[in-house]
Amino acid sequence: MTDRLSALVSGTRFGKFASVGAVGAVFDLSLSSLLIVFFGVANELAKLAGAELAIIIMFVINDRWTFAGAGSDLLTAKVRRFVKSNLVRSGGLLVQVLVVRALGEVPLSIPVAGIDLWELIPLPLAIGASMLLNYVAESLFTWRIATRSSQRDSR
């Protein structure tokens, strides 16, 4: 197995990333659901707002825990990683918005206590659909894990 692939398939790192993703999902789903149910915001816009909140929170936790030591602690380096993280996650966010839109077109209704659950069900499905893409992209481009592992091993 190549060094690059070995760095990506770290079970510990992926477990941390998935755990941080679960925290982000709680914030994402809470804000998205609140905006849809109580404020009548369009599903796709609510998804974007929830996802951005989650991206900010997950970046902070991933930078301090999942990828601790993978980058400089200088403020400029952290800001650069944050901008990269937002850009990288835009691919995952596009996947999420497309899933929400596609499932929103399905003519289904699941009314429970005055709320149509079918408006909310696509949200966690969309998060799951983008998780692996986000992990690989964040590892390779934001924190450059595979590159750093290869550079250390070649010294």
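1. **Ground rules.** This is a predicted model, in which local features need pLDDT of at least 70 and side-chain atom pairs count only at pLDDT 80 or more, while totals for chains, interfaces and linings use all residues. Residues are numbered from 1 along each chain as its sequence is written, and side-chain values use heavy atoms, with hydrogens and water left out.

2. **Overall fold.** The chain has six helices and two strands, arranged along the sequence as α-α-α-α-β-β-α-α. Helices here are DSSP runs of H or I with at least four residues, strands are runs of E with at least two, and both are numbered from the N terminus. Of the 155 residues, 37% are buried; that word means under 20% relative accessible area, with exposed being over 50% and partly exposed in between (1.4 Å probe, protein chains only).

3. An unreviewed UniProt entry lists residues 20-42, 48-65 and 123-146 as "transmembrane region". Such positions are in the numbering used here, feature names are shortened, and annotations may be inferred rather than shown by experiment. In the model, residues 20-42 are 87% helix and 0% strand, with end C-alpha atoms 27 Å apart. Residues 48-65 are 100% helix and 0% strand, and their end C-alpha atoms lie 25 Å apart.

4. Ala42 sits in the loop between H2 and H3 and is partly exposed, at 37% relative accessibility. Its C-alpha atom is 9.6 Å from that of Ser32, 10 residues away along the chain.

5. **Nonpolar patch.** Leu34, Val37, Phe38, Phe39, Val112, Ile115, Leu117, Ile121 and Leu125 make a nonpolar surface patch of about 760 Å². Patch residues have over 30% relative accessible area and no salt bridge, and nonpolar side chains (Val, Leu, Ile, Met, Phe, Trp, Tyr) are joined within 5 Å; areas come from the Shrake-Rupley method with a 1.4 Å probe. Helix H2 (residues 11-39) gives the most, with four residues. Val112 belongs to strand E1 (residues 111-112) and is partly exposed, at 40% relative accessible area.

6. **Largest pocket.** Its volume is about 250 Å³. Of the 22 lining residues, Met58, Arg89, Gln96, Ile127 and Asn134 are the closest to the centre. The elements giving two or more lining residues are H2, H3 (43-66), H4 (75-104) and H5 (122-142), and H2 gives the most, with eight. A pocket is an open set of points on a 1 Å grid where a 1.4 Å probe fits, with protein on both sides within 12 Å along at least five of seven lines; lining residues have an atom within 4 Å of a point. The volume is the space filled by probe spheres set on the points.

7. Which side chains link H2 to H3? Asp28 in helix H2 and Lys47 in helix H3 are 19 residues apart, and they meet in a salt bridge at 2.5 Å, N to O. A salt bridge is a side-chain nitrogen of Lys or Arg within 4 Å of a carboxyl oxygen of Asp or Glu. Asp28 and Lys47 are both buried. Arg101 pairs with Glu44, their closest N and O atoms being 3.4 Å apart. Arg101 lies in H4 and Glu44 in H3, so this bridge ties together parts 57 residues apart in sequence.

8. The structure holds six salt bridges. Among them is Lys78 with Asp73, at 3.8 Å, N to O.

How values were computed
Patch = residues over 30% accessible without salt bridge, like charges linked within 9 Å, V, L, I, M, F, W, Y side chains within 5 Å.
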